[in-house]
Amino acid sequence: MTSVSQENLRKLAIEAEAGGDYQAACGHLEEALRLGFDEDLALDLSRLLRLNKEEDQAYALIKALPDLFSRDKVLEEYGQVLAANNFLIEALQVKHLTEGEVDFPVLPADKKEQEKILLAFRKKQAVSQSQYEQLLKLDLPTYLAFARSLLLDPLANYALRLAVCEDLVKLGVKEEMQVMIVTQRFISYSLVDFLSTSFRYFLFASARLVCLTRQQILVY
């Protein structure tokens, strides 16, 4: 339940939105959320961030919600956010994980933008979470081709390769893929088998056992 102060800030946000000042409207709702979390306020802020062409911030906000699937209102906004970001790969993951029950109409980025994403990605030695998320804008054939090449790259960051494997499983990819690991050349794994032995820990050439999480993509 929202407080009186939060409701007053919501009213200010409504007035600012009506006047076309989306930046000010977002500011009012951000201040309201600082006073205490409320899911409806968060959904209103996500919508306004999309209107203000800050869809990346809307994505960060919606993904921080504790449950994206129980409320129709939350699920609808989640789909809108994915569409605004062109995150087709995540939309396909949701479709697979929900066995087709949730099928968001999301388009990938255009071909030129996809080429720019891949080119920029290959030039980076360290990749942040937000940079990794740009891969979600690829169409499925392009994403799969990129994943195959990454898993065979001996210089690729191991945490990054694990993150890609995790996302491939979420897509429902069942084919065996070749993976370059440590001192061995090529080993074919089903992705599920690879993750079952490697999702939490991966043995580096130095024989150190390092705990990996999705947030540790930006390493080494």
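Reader: In this predicted model, in which sense, left-handed or right-handed, does helix 4 pass helix 5?

Author: In this predicted model, helix 4 covers residues 55–63 and helix 5 covers residues 72–85. The two helices pack at an angle of about 145°, and their axes are 9 Å apart. The sense in which helix 4 passes helix 5 is left-handed.

Reader: Which residues of helix 5 make the contact with helix 4, and how many residues of the contact are nonpolar?

Author: From helix 4, the contact draws on Glu-55, Asp-56, Ala-58, Tyr-59, Ile-62 and Lys-63. Helix 5 contributes Val-74, Glu-77, Tyr-78, Val-81, Leu-82, Ala-84 and Asn-85. By class, this contact of helix 4 with helix 5 holds four charged residues, one polar residue and, to answer the question of number, eight nonpolar residues.

Reader: Where is Glu-54 placed, and is Glu-54 buried, partly exposed or exposed?

Author: Glu-54 lies in the loop between helix 3 and helix 4. Leaving aside residues up to four places away in sequence, Glu-54 touches Gln-23 and Leu-49. The C-alpha atoms of Glu-54 and Ala-84 are 9.3 Å from each other, although the two residues stand 30 residues apart along the chain. Because the relative accessible area of Glu-54 is 22%, Glu-54 is classed as partly exposed.

Reader: How are helix 1 and helix 3 oriented to each other?

Author: Helix 1 spans residues 4–18 and helix 3 spans residues 39–51; their axes come within 12 Å and cross at roughly 20°. Helix 1 passes helix 3 in a left-handed crossing. Angles under 35 degrees count as roughly parallel. The orientation of helix 1 and helix 3 is therefore roughly parallel.

Reader: Which residues of helix 3 meet helix 1?

Author: On the side of helix 1, the residues in contact are Gln-6, Arg-10 and Glu-17. The contact of helix 1 with helix 3 comprises four charged, three nonpolar and one polar residue. The residues of helix 3 that meet helix 1 are Leu-41, Asp-44, Arg-47, Leu-48 and Leu-51.

Reader: Is Asp-44 buried or exposed?

Author: Asp-44 belongs to helix 3. Not counting residues up to four places away in sequence, Asp-44 touches Arg-10 and Leu-29. Since the relative accessible area of Asp-44 is 18%, Asp-44 is buried.

Reader: What is the orientation of helix 6 and helix 10 to each other?

Author: Helix 6 (residues 88–97) and helix 10 (residues 158–171) have axes that come within 7 Å and cross at roughly 50°. In their contact, Ile-89, Leu-92, Gln-93, His-96 and Leu-97 of helix 6 meet Asp-167, Val-169, Lys-170 and Leu-171 of helix 10. These residues divide into five nonpolar, two polar and two charged. Helix 6 and helix 10 are therefore oblique.

Reader: How many disulfides does the structure hold?

Author: A disulfide is a covalent bond between the sulfur atoms of two cysteines. Cys-26 is buried, because its relative accessibility is 1%, and Cys-165 is likewise buried, because its relative accessibility is 0%. The number of disulfides in the structure is zero.

Reader: What percentage of the residues of the chain count as buried?

Author: The chain contains 11 helices and four strands. Among contacts in the chain with a separation of 6 or more, 51% are between residues 24 or more positions apart. Of the 220 residues of the chain, the share that counts as buried is 45%.

Technical notes: Residues numbered from 1 in each chain as written. Predicted model: local features only at pLDDT ≥ 70, side-chain atom pairs only at ≥ 80, totals over all residues. Heavy atoms only, no water. Axes fitted to C-alpha atoms, helices over the stretch in contact; angles between N-to-C directions. Left-handed = near helix turned anticlockwise from the far one by under 90°. Contact = heavy atoms within 4.5 Å. Nonpolar A, V, L, I, M, F, W, Y, C, P; charged D, E, K, R; others polar. Parallel < 35°, antiparallel > 145°, perpendicular 65-115°, else oblique. Disulfide = S-S within 2.5 Å. Buried < 20%, exposed > 50% of the residue type's maximum accessible area, 1.4 Å probe, protein only.
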